[in-house]
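Work through the exercises below with the coordinates open. Each task is followed by a stepwise solution.

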Amino acid sequence: MADTPMVVIRNLSKVYRQGDLDVVALNRISLQIDSGEFLALMGPSGSGKSTLLHIIAGVDRPTGGECRVQGIEVTRLNESALADWRNQNVGFVFQSFNLIPVLTAYENVELPLLLTGLNRRRRRQQVNRALELVGLADRSRHLPRQLSGGQEQRVAIARALVTDPALIVADEPTGNLDSRSAHEALGILQSLSRQSGKTVILVTHDPKAAAFGTRTIHLEKGELT
Amino acid sequence: MTLPLTYHVRNVFVRWRATLATVAGVALVVAVYVLVQSLAVGLEKSSRNTGDPRNVMIVRKGSTAESSSQVTREQLRLFKYWPQIARDEQDRPLASADVLVMLTRPRRGSEAEAHVLIRGVGAAGRALRPQVALVAGRWFVPGQREVVVSRRLAARIAAFDIGNTFKAAGRELAVVGWLEGQGSAFDSEVWMDGDEARRIFDREFYSSVLVRMRDERSAAAFLRRLEADKRLPLRGLRETDYYGAQTMTAVPIRILGGFLATAMSIGAVFAAMNTMYASVGARTREIGTLRVLGYRRRTILVSFLVEGGLLALLGGVLGCLLALPLHGYSTGTISLETFTETVFEFRLAPWLLAKGLAFSLLVGVAGSLLPALRAARLPVIAALQSV
């Protein structure tokens, strides 16, 4: 499995227009990420690392170049197809967790599964398995505000892996966590890559976080260094 | 695929202050709408409730109401014995020549005055109108200066209790009983002996004549004959049709109701819109997250419409509950047919409540359309980055 590349990027560019100015976020980047890899993407603020992550995950579109994920040119998918593709293939972990405040931990984790057509029983199995994996099976009925930051992020990780996606992307997932919770969260991501063969892409500017990865690449001013 | 209903319900309640204000606004609109419409329904019902399909009412040609009609004694004699008219046990035709007189009386507990309709009924008058029943006291004695008043009218007009007397055309009339007309137009009338009424009020003519037909075929024949008889400038029509057409009084109420509801609903739409815009603003990142997870624009659009609809529907239910206690409450207005006090009830029919709820739903959906469109059109990245 490790010999088929998960992500193949060629000459990828992203240029924003700000008034009369063109701001280059990504400048003709080429990159390959293998299946099962835990890639840490580092760089200072504004270096383009989040933009790159968003394009790989099918949330943003490049202005030039190619981005294939599992052989699919995601940049060519239309809006609805892209939404379905994200649902089935990508798990997202955000810096501020982005849990839905009115839904319980269980319901938050179930959200991506509601789009899959699985029946209630199968959904329950998968949600419980995901919550067990992050060690929060006993918190499933809690609302996000009743959880600590670390627990919230673990719920978010459970939500990211509940659909069993091949790719998990995490944008500064430890940015809002204390060091112990950060360590826990990164440990879970690491074991997902090691034991379940998930490809994990982690955006961070913390070298300690990046150390959990199998490879670290640096971005600066939209270019790989 | 839509989001689970619990998600919407909880979101409606999570910002409960804004929600409450909007719910109250919509409730008020729906309550006013339902109440005004129920007035119109009550008024029309009291007209439609009146009359017997076997009876034919005869008025002067060209007059739209009994009170503005005249039938001379000569004319009455000409058609009274036609064979189509049913007879009583003594073989007398079942016909009641009535006299209608308007009287001004003070209202109960107020200086204001109201016009009251007095009906002097002929001998067969009561038999022809079985829906009118005595509920207290006794019937008037023919030839005596006695009246029986509607119990509901008595609740609104001074000195209409049994045992009271009042002056009319310089004569003392005694109230000897109360009648009830089962929610018909007779609930707004005062009844007395027809001949006595003509004497007191000095009337040469009758206002109208009510006759009972032998059967359906006789009725048709009678109406044809009356129409054809050149000596009789009269018009005959079924009693039920006559009262069914007396719904003019409800028209301005309906128009007022429609106008009020429209004006107020515009306000309610904006209130709902304001609440939903606030909700979209507060949940921008949540919307971005849902989009990232794979929810489509259409789902986001629908979910905000659902929330707006839910919100307003809540107001609609509350509005109906607010209006409900007035169901059956008796009130009055001036009839635009007779210009006299007309007593009727608020009628909150189930269809009216359903209409109120549908109306609230419409307000909610209309109010949340623009906010929902904004939510659906949010760019994912920008939404995710909002705080």
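Helices (H or I, at least four residues) and strands (E, at least two) are DSSP runs, numbered from the N terminus. This is a predicted model, where local features need pLDDT of at least 70, side-chain atom pairs count only at pLDDT 80 or more, and totals for chains, interfaces and linings use all residues. Residues are numbered from 1 along each chain as its sequence is written, chains are lettered from A in the order in which they are written, and side-chain values use heavy atoms, without hydrogens and water.

**Exercise 1. The cavity**

Task: Describe the largest cavity and its lining.

Solution:
- Step 1. A cavity is a set of points, on a 1 Å grid over the protein atoms alone, where a 1.4 Å probe fits but cannot get out; lining residues have an atom within 4 Å of a point.
- Step 2. The structure holds four cavities of 30 Å³ or more. Volume is the space filled by probe spheres set on the points, which are joined across faces, edges and corners. For the largest cavity this comes to about 270 Å³.
- Step 3. Its lining has 23 residues; Ala185(B), Tyr243(B), Ser335(B), Thr338(B) and Thr342(B) lie nearest the centre.
- Step 4. In chain B, helix H2 (16-48), strand S3 (113-121), helix H8 (239-244) and strand S12 (341-345) each give at least two lining residues. H2(B) supplies the largest share, four residues.

**Exercise 2. The interface**

Task: Characterise the contact between chain A and chain B.

Solution:
- Step 1. Count residues with heavy atoms within 4.5 Å. Chain A contributes 24 and chain B 23.
- Step 2. Take buried area, the accessible area (1.4 Å probe) that two parts lose on being put together, summed over both. It is about 2200 Å², with 62% from carbon and sulfur atoms.
- Step 3. Val102(A), Leu114(A) and Leu115(A) lose the most area in chain A, together 25% of what that side buries.
- Step 4. Look for salt bridges (side-chain nitrogen of Lys or Arg within 4 Å of a carboxyl oxygen of Asp or Glu). The interface has four. Arg296(B) pairs with Asp84(A) in a salt bridge, with the closest N and O atoms 2.4 Å apart.
- Step 5. Helix H2 (residues 79-89) of chain A gives the largest share of that chain's side, six residues.

Conventions
1 Å grid on protein atoms, 1.4 Å probe; cavity = no way out; pocket = protein on both sides within 12 Å on 5 of 7 lines; lining within 4 Å.
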